[in-house]
Amino acid sequence: MPPMIHCVGVAKRYATGFLALDGVDLSIEKGEIFALLGPNGAGKTTLIGVICGIVSMTAGKVLVAGHDVRRDYRAARQAIGLVPQEIALDIFATVLATVSFSRRLFGRPSDPAYVERLLKELSLWDKRHARVVELSGGMKRRVMIAKALSHQPDVLFLDEPTAGVDVNLRRDMWALVRRLRDEGVTVILTTHYIEEAEEMADRVGVIDKGRILLVEDKGALMRKLGKRRLTLRLHNPLAAPPEALAGWPIALEDGGLSLTYAFDAASEDTGVSTLLKRLAEAGVDFTDLETTKSSLEDIFVDLIGGAA
Amino acid sequence: MKGLNPGGVWAIYRAEMQRTVRTIFQSVAAPVLTTALYFVVFGGAIGSRIREVDGVAYGSFIVPGLMMLSILTQSISNASIGIYFPKFTGTIFEILSAPLSSTEAVIAYVGAAATKSMIIALIILATATLFVQVRIDHPLWMTAFLVLVSVAFSLFGFIIGIWAKNFEQLAMIPTLVVTPLTFLGGSFYSIKMLPPFWQTVSLFNPVVYLISGFRWSFYGQGDVSVVTSLGFTLTFIVVCFAALAWIFRVGWRLRP
Ligand SMILES: Nc1ncnc2c1ncn2[C@@H]1O[C@H](COP(=O)(O)OP(=O)(O)OP(=O)(O)O)[C@@H](O)[C@H]1O
Ligand SMILES: [Mg+2]
């Protein structure tokens, strides 16, 4: 079975001359929930645009369920449902009309029972005769999701699904994503937040400056990301790490005034208490301590640093 | 690239026609009102001085020109807004990402715009019969011109809608080019009534050919031969199609 999404060397240079995608290779399997993680301007929306036929690609090749998005665009697009980052709706149409329109646009025969279930699932059924202009922002977002799912796609793109969304909608959305996964639908979402990727995804890809920096199983990535740092402010500067801590992953910074220790927060024994005991035995006094989680920024620094 | 998507074409066509129904006043009442005013002003004021043109009573003579005037303006505005608006609001993403060929999208949008302007032209014809006597010598040709000119200018309007980057540009070509050409194109007079120099100048006005052919289908006479009119209309359609084919091939102003 071909991968659901297969990108080879995808590049996009906008008319402004800006290179938004710089040779993206990416494969996403059927039935996966894949999170594309990256900062503002990384190229997430551009990549989705290229796959969905909204942005023309400068170079490379994209297959959706084995169909080339340029040569065999009908079959490729038939498989895709897209919820774009920005809400864009015909505000004078009713909810039911605009969702039915999307389904017909994809050439699917009408299926009132399916549309009813979809609208109920998204808490839109009571609003089905309301015009879009009368809905709140969150409801409009739900309408966007209903439209994307109206033709029963095999792969759903959610471009920043939780930006500006309240707890209820977020919960409904995740429930929907799980239901879709159970039905074998592939879900690809973009986000700025590691937590979100952690919560939902099977695999995570990190993109920055138009390049995919890494693609990994969530478990493996979380182990990497699960690293924490303990920083101790020392009373008196140390010239070298204490003898008693030889071989420990510690470092002295700030002219010997702070000592940092990297550890895995997820492991049984973090080693923190042993460290503190040994320091006390060695007579090293400290005035303050703090622990930090590695942030997305740290990971980028790591990744880019590692690549350089 | 197997399989067409007639359901998708029909969906867009229907949505566009519904948009018309939603704005029924601007869509239908306004052109009818304008036409009635033309009859009062032109038919009444000028008609009392010019009794007839080429043996046709002046009031009747201007009917084909009035219909053509509204076909041109309506086709252009319907089709240009039809595609410009989704671009403006962002809903175009749905059309671009649908399993629909560009030809199918054009058929849907242009078909809807042309249908609408044909309906309006027929309403104007019906309104006109309340004021003056109208005779149609060649109903089949009349229908053919109605369809072809509506399609031609809806295609043209569609191109303007893709080209326009703002509402000013959207209104620019119709007001600066099409309306003047239509007024100078013999809507309200026969170009034979002009001095020889201006007759020659008029022959460079494409709208003259459209109105002339259309008037011929009503009263059996026009300023130029009907074959020339028809040839011109068909050429215009071909040129618009070629332009659109190029636009879609390079994604000009549609796909970044
Ligand atoms: N139509 C366009 N013309 C020129 N440059 C563009 C265009 N669209 C996007 N860009 C640029 O391409 C880069 C990538 O944009 P893109 O929208 O793909 O980023 P993103 O990862 O989705 O960011 P965000 O998280 O902010 O949504 C940005 O630097 C952006 O300025
Ligand atoms: Mg984006």
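## Terms and basis of the model

A polar contact is a pair of N or O atoms within 3.5 Å; within protein, one atom must be able to donate a hydrogen and the other to accept it, and residues adjacent in sequence count only if both atoms are side-chain atoms. The structure is a predicted model, in which local features need pLDDT of at least 70 and side-chain atom pairs count only at pLDDT 80 or more, while totals for chains, interfaces and linings use all residues. Residues are numbered from 1 along each chain as its sequence is written, chains are lettered from A and ligands numbered from 1 in the order in which they are written, and side-chain values use heavy atoms, with hydrogens and water left out.

## Ligand 1

Ligand 1 is surrounded by 16 residues, each with a heavy atom within 4 Å of the ligand. The closest are A:Asn40, A:Lys44, A:Thr45, A:Thr46 and A:His192. The site is shared between chains, because the surrounding residues come from chains A and B.

An oxygen atom of ligand 1 lies 2.9 Å from a polar side-chain atom of A:Gln85. In the side chain of A:Asn40, an N or O atom is 2.7 Å from an oxygen atom of the ligand.

## The magnesium ion

A:Gln85 (OE1) also coordinates the magnesium ion (ligand 2), together with A:Thr45 (OG1), at 1.9 to 2.2 Å. A:Thr45 belongs to helix H1 (residues 44-52) of chain A and A:Gln85 to the loop between strand S6 (80-83) and helix H3 (95-105), so the pair ties together parts that are 40 residues apart in sequence. Donors are N, O and S atoms within 2.8 Å of the metal (3.2 Å for Na, K and Ca); water is not among the atoms, so sites may look incomplete.

Both residues are partly exposed, A:Thr45 at 38% relative accessibility and A:Gln85 at 28%. The class lies between buried (under 20% relative accessible area) and exposed (over 50%), for a 1.4 Å probe and protein chains only.

## A buried threonine in chain B

B:Thr182 is found in helix H7 (residues 167-183) of chain B and is buried, with a relative accessible area of 0%. Neighbours within four places in sequence aside, B:Thr182 is in contact (heavy atoms within 4.5 Å) with B:Leu69, B:Leu72, B:Ser187, B:Val207 and B:Ile211. Helices (H or I, at least four residues) and strands (E, at least two) are DSSP runs, numbered from the N terminus.
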